[in-house]
Amino acid sequence: MAKTTRSRNHHTIPAETTTVLQRLPHAVYLVDADGCLLFANEAVQSLFGWDPASLTGGSVDVLSLFPETFRSDLITRIRQEGSLEAESERLMRDGSVRAVATHWYTLQPAVGAAVFMGMDEDISERRLREQELQQARKL
């Protein structure tokens, strides 16, 4: 029988799901409608310096530069549109900022409330190359 992970808000995440999400190279989050982080994969630590276990059960706001509006804006947009794809910035554990391509989707389980899945891809190097190219064109 497969193990499951149960969050403080009683969302059950099957072990098969967490196993797949752990293998992804991008930072992956599962968030409930209240903005509570239900799961964060190990890439969150390698990309942003956050310990996934310390994030779980906390607010998704910790990842944002604008915590006062991030959660409500994020969840509202995903609910309205079903998904969200954008370039954004994430707050790293050390206080610095990293550019990301972020993708959020609604996951509707067979039973229970919807969960939102976010994936962040580090695009810092791409942004740096774009800036260098723009500077070179100005010369």
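The side chains of Arg98 and Asp122 meet in a salt bridge, with N and O 3.5 Å apart, the term meaning a side-chain nitrogen of Lys or Arg within 4 Å of a carboxyl oxygen of Asp or Glu. Because Arg98 belongs to strand 6 and Asp122 to strand 7, the pair ties together parts that are 24 residues apart in sequence. Asp122 is partly exposed, with a relative accessible area of 30%; here buried means under 20% relative accessible area, exposed over 50%, and partly exposed in between (1.4 Å probe, protein chains only).

Asp120 forms a salt bridge with Arg90, and the closest N and O atoms are 2.6 Å apart. Since Asp120 lies in strand 7 (residues 115–122) and Arg90 in strand 5 (residues 83–91), this pair ties together parts that are 30 residues apart in sequence. Both Asp120 and Arg90 are buried.

## Basis of the model

This is a predicted model, in which local features need pLDDT of at least 70 and side-chain atom pairs count only at pLDDT 80 or more, whereas totals for chains, interfaces and linings use all residues. Residues are numbered from 1 along each chain as its sequence is written, and side-chain values use heavy atoms, with hydrogens and water left out.

## Fold

The chain has 5 helices and 7 strands, taken as DSSP runs numbered from the N terminus (helices H or I, at least four residues; strands E, at least two). Along the sequence these elements follow the pattern β-β-α-β-β-α-α-α-β-β-β-α, and buried residues make up 35% of the 139 residues in the chain.

## Helix 5

Within helix 5 (residues 124–138), Glu130 and Arg126 lie 4 residues apart, about one turn of the helix, and their side chains meet in a salt bridge (3.3 Å, N to O). Salt bridges that share partners join Glu87, Arg126, Arg127 and Glu130 into one network.

## Nonpolar cores and the aromatic pair

A nonpolar core is a set of buried Ala, Val, Leu, Ile, Met, Phe, Trp, Tyr and Cys residues joined through side-chain atoms within 4.5 Å. The largest has 22 residues, and those with the most contacts inside it include Tyr29, Val44, Phe48 and Trp104. Apart from it lies another core, of 9 residues, among them Ile13, Val28, Val115 and Met117.

The structure holds 1 aromatic pair, a term for rings of Phe, Tyr and Trp (its six-membered ring) with centres within 6.5 Å, where planes under 30 degrees apart count as stacked, over 60 as edge-to-face and the rest as tilted. The rings of Tyr29 and Trp104 have centres 6.0 Å apart and planes at 10°, so the pair is stacked. Tyr29 in strand 3 (residues 27–31) and Trp104 in strand 6 (residues 97–107) are 75 residues apart, and both are buried.
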